[in-house]
Amino acid sequence: MSGRFDPNEADRRWQARWAEEHCFVADTASSKPKAYVLEMFPYPSGRLHVGHARNYTMGDVLARYRRMQGFEVLHPMGWDAFGMPAENAAMERGVHPEGWTRANIEAMREQLKRLGFAFDWSREIATCDPEYYGHEQALFLDFYDAGLVYRKESEVNWDPVDQTVLANEQVIDGKGWRSGAPVERRKLSQWFLKITDFADELLDGLAELDKWPEKVKLMQENWIGRSDGLRFRFKAAAEGASANYPWAEAALERSPQIEVFTTRPDTIFGASFVAVAADHPLAQAVAATNPDAAAFVAECRAGGTSAAEIETQEKRGFFTNVEANHPLDPDWRLPVWIANFVLMEYGTGAIFGVPAHDQRDFEFATKYDLPIRRVVARPDQDKDTPIGDEAEPGEGVIVNSRFLDGLSVEEAQDAVIRKAEEQGWGQREIAYRLRDWGVSRQRYWGTPIPMIHCERCGPVGVPREQLPVVLPTDVTFDIPGNPLDRAEEWRRTACPSCGGEALRETDTFDTFVDSSWYFIRFASEPIDKPFDRAEAEQWLPVGQYIGGVEHAILHLLYARFWTRALKRIGKLSVDEPFEGLFTQGMVTHETYRGVDGRWLGPDEVRKDATGKLIDAAGAPVERGRVEKMSKSKRNVVDSDTIADRYGADAARWFLLSDSPPERDLEWSEGGIEGAARFVQRVWRLANAAAGEGEDADLDRKRHRTIAGVTDSLEGLQFNKAVAQLYEFVSAIEKAKPSASRGEAVRALVKLVAPMVPHLAEECWAALGGAGLVVDAEWPTFDPAMLIEEQVTLAVQVNGKLRDTVTAPRGADRAALEALALSSDNVQRQLAGASPRKIIVVPDRLVNIVA
């Protein structure tokens with residue numbers, strides 16, 4: 001076998017062979033040690049580009065490597081198939097979401113197969129399959145029966161044109177991202193999962209995840225946000241004569257005390273106002289009789305609810321003519337305002353403002369000319385140091401705070417909490433930033449929430465024997481709002497408890513629910529239940545999970561919660577879903593714009609004779625920034641195009657090379673062409689004559705390369721493995737024909753097999769290897785061959801480096817002293833004098849003290 005390696009022919013042939021022999025079908029009954037490798041499953045949006053392929057290539061290398069190490073490997077693939085993009089496509093193109101989704105799955109599945117990924121396709125799932133989401137509905141009902149689910153009114157972002165709830169990230173400048181309509185805050189009844197019941201578990205469990213990136217653990221820790229603080233009450237009073245402010249009197253009747261929670265009780269003497277949310281009972285009472293207050297409350301409700309929006313919007317308020325008595329000074333009253341930056345959803349819906357040490361409070365106080373009083377000072381400040389143009393962090397010692405003066409922040413916090421508890425106006429409390437998980441979405445393309453609403457019985461779970469509750473297909477998207485609200489035949493049903501007329505829940509699950517347990521279903525797929533515990537626990541937790549850092553908080557936190565909730569109700573004994581986590585970098589590409597401002601794809605741009613960028617019509621093209629590949633900027637490179645042009649292995653090799661896997665990788669034609677040349681170099685080595693005799697240097701290089709590549713793959717340092725293999729190929733090419741060269745080539749083929757598997761199979765066959773290389777054992781190395789025979793030692797004179805010398809490893813002290821003293825540089829430093837002392841560190845250095 002000779003000539004050039006034909007990647008397209010080899011790709012098809014070996015992929016067919018792997019499928020025929022069921023190479024990647026995981027056997028739970030196997031006696032081998034088990035390894036579960038999983039990449040975050042994709043949303044079927046249409047086409048895969050090479051940015052997606054990088055993620056799956058990394059997981060595939062690890063899965064193939066573990067297989068060659070003797071593990072029984074589970075490496076499945078599926079589709080996170082529900083979500084808004086399918087509904088948007090339905091509205092924009094007049095197609096059904098399911099048809100659009102299924103077509104995309106078919107296309108993307110073929111793209112994944114084209115790249116030769118070692119997936120167990122027998123376990124493929126799509127979250128839009130009733131066979132999947134019916135089991136999800138059953139688990140939700142299990143949680144409901146266990147008291148982990150409840151329903152309550154909650155504030156949402158409401159698009160009045162599209163008639164739907166928007167996620168915070170879908171609200172742009174206070175308007176719906178699709179309709180452009182001003183977003184309203186609206187209260188809707190929503191289903192919630194009690195993730196806050198697991199807050200301590202989720203936080204404490206992070207300490208055990210020693211194979212997770214520290215940055216991801218920190219992000220989750222901050223999201224959970226456990227803090228020690230003080231919950232206390234301000235006593236409210238009307239300012240001046242209540243007859244002048246009837247709304248204030250009404251507010252006092254409704255809310256005689258204002259409860260707040262603070263993590264900074266040490267700053268209580270810096271308070272200059274109290275602010276309540278627009279939906280706070282006090283605000284509601286004022287708005288009921290004061291038209292100006294009612295108008296302001298309505299304005300607040302029209303704003304967004306995201307933390308980012310609240311931080312950036314202008315801080316505005318309405319003075320209620322109610323005052324709050326300072327708990328540590330009965331003669332001190334603080335004005336009570338309704339403020340647009342306070343939300344009922346967070347804490348108690350009320351705060352006390354400390355403008356000197358909180359930027360939101362500073363902006364508010366500056367606007368309304370409220371006092372700004374320093375109560376914390378750094379060592380270079382004192383109590384009279386003025387506050388500048390923005391709030392200062394509250395770090396240092398307490399000042400202007402009466403009995404707290406001179407205390408550290410921590411000491412002052414404890415002192416205030418003790419006094420609050422002694423005097424009965426507050427108590428120490430641990431609070432969390434984490435909120436219960438609202439899983440209701442007012443959309444069609446999602447898992448129907450399996451609840452029935454009966455006027456007599458209230459919410460009732462759908463009986464298990466009636467699952468799955470399947471989405472109706474005869475719906476239209478030509479009218480704004482949730483199509484399920486209009487599916488009368490589907491919606492009307494009988495109450496499971498009393499048999500009377502009832503209505504199905506028309507909300508569907510947040511798609512994060514679908515991805516919170518799919519990894520368990522991959523491990524065990526019985527027909528009659530979500531999973532078999534004994535079978536699932538043979539694979540769980542996932543040994544290595546790979547995906548983007550953008551999922552560091554919500555997806556990973558919800559999956560951790562779901563796993564722990566299943567343990568609590570006796571369905572699993574596993575605490576954590578993912579033992580190891582790796583977050584890969586993005587693939588980037590230049591962006592291009594035509595003269596009309598339209599984004600152009602790389603295939604629409606070329607260089608003219610002078611090297612300038614032009615489009616197909618010859619018009620000039622503006623070169624933009626290098627950015628993450630995205631459809632919106634059209635700077636994507638289709639994976640099929642690259643595989644067809646260069647072969648799957650060249651694409652895989654390039655995606656693993658050059659850049660550390662946790663960092664971004666810039667796509668370049670030069671890079672992929674270099675990868676294609678490497679493929680041919682390996683092919684030529686496999687077809688070259690081996691020869692006879694030994695080559696000790698090449699043998700040593702083989703053992704060191706095996707050790708280095710093994711270590712690199714264990715650490716997921718794929719680019720280092722690639723660099724080591726480039727070096728090994730060069731060494732083999734330079735070596736003369738010998739038996740050692742033949743051994744080196746056979747080792748090379750095994751080492752590259754996880755990365756360029758089609759080439760490796762072709763080479764293995766050319767070398768006469770038994771069976772498939774995918775089934776071959778990973779090469780081993782002799783530790784003795786890793787030891788360098790020669791070492792380089794530093795030679796110092798009076799502690800300063802003056803020369804280096806090479807000596808046999810383990811040379812004795814006398815030999816090293818003689819070698820160091822023979823150095824011309826050393827002799828010049830000594831200038832004929834005898835050394836007073838010579839210090840020898842074997843195999844490392846010689847220090848001559850003159």
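C300 is buried, at a relative accessible area of 4%, where buried stands for under 20% relative accessible area, exposed for over 50% and partly exposed for what lies in between (1.4 Å probe, protein chains only). C763 is likewise buried, with a relative accessible area of 1%. The structure is a predicted model, in which local features need pLDDT of at least 70 and side-chain atom pairs count only at pLDDT 80 or more, while totals for chains, interfaces and linings use all residues. Residues are numbered from 1 along each chain as its sequence is written, and side-chain values rest on heavy atoms, with hydrogens and water left out.

A disulfide is a covalent bond between the sulfur atoms of two cysteines. With a disulfide taken as a pair of cysteine sulfur atoms within 2.5 Å, a search of the whole structure finds 0. The sulfur of C763 has its closest cysteine sulfur in C23, 17 Å away, and is therefore too far for a bond.

Of the 850 residues of the chain, 54% count as buried. The C-alpha atoms fill a box of roughly 110 × 85 × 65 Å along the principal axes. The chain exposes about 37,100 Å², of which carbon and sulfur atoms supply 48%; accessible areas come from the Shrake-Rupley method with a 1.4 Å probe, and for residues only the protein chains shown count as cover. Among contacts (heavy atoms within 4.5 Å) with a separation of 6 or more, 72% are between residues 24 or more positions apart. The secondary structure comes to 27 helices and 37 strands, these being DSSP runs numbered from the N terminus (helices H or I, at least four residues; strands E, at least two).

Strands of a sheet pair through backbone hydrogen bonds, either parallel or antiparallel. Here, two strands are said to pair if DSSP finds at least two bridges between them. An open sheet of 4 strands has the order β2-β1-β26-β27, with parallel pairing. Its edge strands, β2 (72-74) and β27 (581-583), each pair on one side only. The twist averages 20° from one strand to the next. Helix α2 (residues 50-68) packs on this sheet and touches β1, β2, β26 and β27, its direction making about 170° with that of β1; axes are lines fitted to C-alpha atoms, for helices over the stretch in contact, and angles run from 0 to 180 degrees between N-to-C directions. Within the sheet, 3 bridges join β1 (residues 34-39) to β26 (residues 544-547), and V37 stands opposite Q544 in β26.

In helix α7 (residues 214-224), the residues V216, K217, Q220 and I224 are buried. They lie on the same side of α7 because they cover an arc of only 100° around the axis, the arc being that of the directions from the helix axis to the C-beta atoms. Their cover includes α6 (199-205), α18 (554-568) and β27. Just after α7, G225 takes a positive phi of about 60°.

In a regular strand the side chains alternate between the two faces of the sheet. Strand β15 (residues 350-353) is covered on both faces, with A350 and F352 buried on one side and I351 and G353 buried on the other. Strand β12 (residues 273-276) pairs with β15 in the antiparallel sense over 4 bridges, and A275 has I351 as its bridge partner in β15.

A619 is found in the loop between β31 (613-614) and β32 (622-628). At 19% relative accessibility, A619 counts as buried. Leaving aside neighbours within four places in sequence, A619 is in contact with V595, L613 and I614.
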